[in-house]
Amino acid sequence: MNGNDYTFGCRSGGVAGPLRFRRSREHWGTDRVRRELLEPLDQRFGATLTDPWFAPESYQARRLEMDNGDFALFCWTHSGDDGNPDAYWLGNTETPEVLWRTDKYTFGEAPAEVGAWAESELFARLEVEEPWLARHEHLSRFFLPVLFSKDGRETTREFFADHAAGFPDADRDEALAYYDTFLATGALDEHRYTMAAKLGTSEGGDWFRMAATMSEFTTAKLLTDAGLGFEPEVQLDSGHALDFRVNGQLVEVTRPRPPTRRRADTAVAAVRQTGKSKNDSQLREHPNALLLVDCSSFRDDEWRQVAGERPDVAHRPTIVFRARPDGSFEGYRVGGCPLDFGSVIDWQD
């Protein structure tokens, strides 16, 4: 952990990341909370100190609400697990100076009681702000660190609301239920921060990049459905990071832009162009990696063109596939496939 990495509320205006706790080992009380947390935020934004909606059993806790819509949670105890003072801050507003050099912890790294309390507060808040999203509870809880991040809270919600998580011509709730059902399996629980953060905490919405991120979730579902264990985001000695390792087999995922949104005139050209781009980058140094080309951004007619022509791809082995929110996969192989997907994919070759 890096005490100089300011996760949310940067002194110098740096880009904020997914929500993490900041931990203080100093003594805290209500008077100090008002003086060193509330007062600077009140002077900066206008702020109110209130009781939390939920109460952690072993900690005193408060909620800070800013007039600009920001919020923060703070809890403290005079005797933590090691008998010393312990306090945790979580918020998407500027971090008060007294907490600048504190270390950061994910929900899983904080004490279980603190993590559960904060998640309950955030999820209850989401139920009020975005009830349509909170209905998909496993999806919502998985992405809480970005749905409430300083810069990404609006873009991530808009992506799920207006772009159906990257599925074209799909009902929003059907698309969200697809990922909700998969995340309910717990297959990505150990990698929550790595995977959730990929969706982005940027103030600007790059909808295709976010859809491309969801390709990694779609691929994780494909691997899980096929009974294949995996490790996501594999850092390699070459300096590259590939998306998955599956029983020793490296896997890289790419997502062609729909032809109406790129220079390629056809879906077939988009597939070829995307495969070439990957072959010229990461896969040049990892020629035995399996390339998965996710065409889930293609409409039905565009996919029919690809499945009918089955265009060649510069890299081998490759699987070109398309997922739909009903849970089905269609695809074809270019070269031999080193992984056994069984009947999970409806092969078009």
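Student: What pLDDT does the protein average, and what share of the residues score at least 70?

Tutor: The model is predicted, and the protein averages a pLDDT of 90, with 93% of the residues scoring at least 70.

Student: Where does pLDDT stay under 50?

Tutor: That stretch is residues 1-15. For these residues the model has 41 contacts beyond four places in sequence.

Student: What share of the residues is buried, and what share of the contacts joins residues 24 or more positions apart?

Tutor: Buried residues make up 56% of the 349 residues. Among contacts with a separation of 6 or more, 62% are between residues 24 or more positions apart. The accessible surface comes to about 15100 Å², and carbon and sulfur atoms hold 41% of that area.

Student: How many positive and negative side chains does the protein have?

Tutor: There are 41 positive and 59 negative side chains, and the centres of the two sets lie 4 Å apart.

Student: Why is T106 called buried?

Tutor: Buried means under 20% relative accessible area. T106 has a relative accessible area of 13%, so T106 is buried. The residue lies in the loop between β6 (103-105) and α2 (112-129). Leaving out residues up to four places away in sequence, T106 touches R20, F21 and Y193.

Student: What is the phi of A164, and is this residue buried or exposed?

Tutor: A164 has a positive phi of about 50° although it is not a glycine. Most residues other than glycine have a negative phi. The relative accessible area of A164 is 5%, and therefore A164 is buried. Its place is in the loop between α6 (153-162) and α7 (172-183).

Student: How do you know that the peptide bond from R316 to P317 is cis?

Tutor: The bond from R316 to P317 has an omega near 5° and is cis. Most peptide bonds are trans. P317 lies in the loop between α11 (300-309) and β11 (318-323).

Student: What makes V313 a buried residue, and which residues does V313 touch?

Tutor: V313 is found in the loop between α11 and β11. The relative accessible area of V313 is 1%, so V313 is buried. With residues up to four places away in sequence not counted, V313 touches V271, G275, L291, T318, V320 and V334.

Student: How far is the C-alpha atom of V313 from that of K276?

Tutor: The two C-alpha atoms are separated by 7.0 Å, while V313 and K276 are 37 residues apart along the chain.

How values were computed: Residues numbered from 1 in each chain as written. Predicted model: local features only at pLDDT ≥ 70, side-chain atom pairs only at ≥ 80, totals over all residues. Heavy atoms only, no water. Buried < 20%, exposed > 50% of the residue type's maximum accessible area, 1.4 Å probe, protein only. Contact = heavy atoms within 4.5 Å. Areas by Shrake-Rupley, 256 points an atom, 1.4 Å probe, with all protein chains shown as cover. Lys, Arg positive; Asp, Glu negative; His and termini not counted. Charge placed at Lys NZ, Arg CZ, Asp CG, Glu CD. pLDDT = per-residue confidence, 0-100. Helix = DSSP H or I, 4+ residues; strand = E, 2+ residues; numbered from the N terminus.
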